[in-house]
Amino acid sequence: MSRFRIFKELKKSLKRKRRHVLSLGMIGFAFVLAALAGTWIADRVVTDMSLEVVQPAEASPVWPDRPTASELSSRDQALLALQKRQGEVELVLHRSYLCGEEIRQLGRHSAVEAAELLKSHREWGANLDASGKLTVREEVDDLSPQCRKTAYIGVDNDGNLSLFDGPPWKEKVIRTFFQLDVDMLESRLGDDRVRELAEGIRVSDKDEYNSVLSTFNEYAASLRSQAKPHP
């Protein structure tokens, strides 16, 4: 069966799902009303009881002079540990792209050198484990070199606009963007454009990636899900 035929079948399936979601929503609304009523009654009981209790004097909050270790970010904790550490650490760079990841082994460096490198890149996250491996994390607003060669944007089997590693028929979903309004899509776009989306639109750089997302953004269903990586 062609991807275009699957797209047509998907439209019918989504209509059935919407009817099911509507009935579930009515049940959920009734449940919420009952819960709110119970909460109001409980609040009134607690309020009446509190009028009979003598309230103690409000204590002054005690603020610590400096944040505790648990309040520091992993980056700040790594810097503090490096400043106290003797010897070398193993340095690993983990880059996360709009599409794809890259991990590079940067070799062993003194703790002082690693700390200075981390200080010079304030945008990096970092984590130093017990074995002495310092992993620094960088967010890159672009496609990875590998993703530039294989990325497609298309529609998955649930009607979501998604990013794929390879053509959509291989079903290697990297990231899901949002649910498409299939009725609106078919009414406003010609069959050729719908077929192109079903077969997958090749994207090889950030500009093409953003252009395709911008084009289909107006066809997002009203209940849009946030873009998330596929497990």
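In what order do the four strands of the open sheet sit? The order is β2-β1-β4-β3, and the pairing is mixed. Keep in mind as you look around that this is a predicted model.

**The sheet, strand by strand**

The edge strands are β2 (101-110) and β3, and each of them pairs on one side only. Going from one strand to the next, the twist averages 20°.

Now for the pairings themselves. Here they are side by side:

| Strands | Direction | Bridges |
|---|---|---|
| β1 and β2 | antiparallel | eight |
| β1 (residues 88-99) and β4 (residues 133-143) | parallel | nine |
| β3 (residues 125-128) and β4 | antiparallel | four |

V92 stands opposite Q105 in β2, while L93 has V136 in β4 as its bridge partner.

Helix α7 lies across β1 and β4, running at about 65° to β4.

**Aromatic rings**

Time to look at some side chains. A pair of aromatic rings is described by the distance of the centres and the angle of the planes. How many aromatic pairs does the count come to? It comes to two.

Take F177 and Y209. Their ring centres are 6.0 Å apart and their planes meet at 70°, which is over the 60 degrees needed, so this pair is edge-to-face. F177 belongs to strand β7 (residues 173-179) and Y209 to helix α7 (residues 206-217), so the pair ties together parts that are 32 residues apart in sequence.

F177 has a relative accessibility of 6%, so F177 counts as buried. Y209 has 4%, so Y209 counts as buried as well.

The other pair is F216 with Y219, and this one is tilted: 6.3 Å centre to centre, with 55° between the planes. Both F216 and Y219 are buried.

There's one more ring to find. R202 lies over the face of Y152, at 5.8 Å from the ring centre.

**A closer look at L213**

Back to helix α7, where you'll find L213. With 17% relative accessibility, L213 counts as buried. Which residues does L213 contact, leaving aside its neighbours within four places in sequence? They are I153, L161 and F177. L213 and F177 are 36 residues apart along the chain, yet their C-alpha atoms are separated by 8.7 Å.

The protein averages a pLDDT of 77, and 65% of the residues score at least 70. Over residues 49-64 the pLDDT is below 50, and this stretch has one contact in the model beyond near neighbours in sequence. Residues 223-227 also have a pLDDT below 50, but that stretch has 10 contacts beyond near neighbours in sequence. Where pLDDT is low, the predicted coordinates should not be read in detail.

Terms used. Residues numbered from 1 in each chain as written. Predicted model: local features only at pLDDT ≥ 70, side-chain atom pairs only at ≥ 80, totals over all residues. Heavy atoms only, no water. Phe/Tyr/Trp six-rings, centres within 6.5 Å; stacked < 30°, edge-to-face > 60°. Helix = DSSP H or I, 4+ residues; strand = E, 2+ residues; numbered from the N terminus. Buried < 20%, exposed > 50% of the residue type's maximum accessible area, 1.4 Å probe, protein only. Lys NZ or Arg CZ within 6 Å of the ring centre and 35° of its normal. Contact = heavy atoms within 4.5 Å. Pairing = 2+ DSSP bridges. pLDDT = per-residue confidence, 0-100. Axes fitted to C-alpha atoms, helices over the stretch in contact; angles between N-to-C directions.
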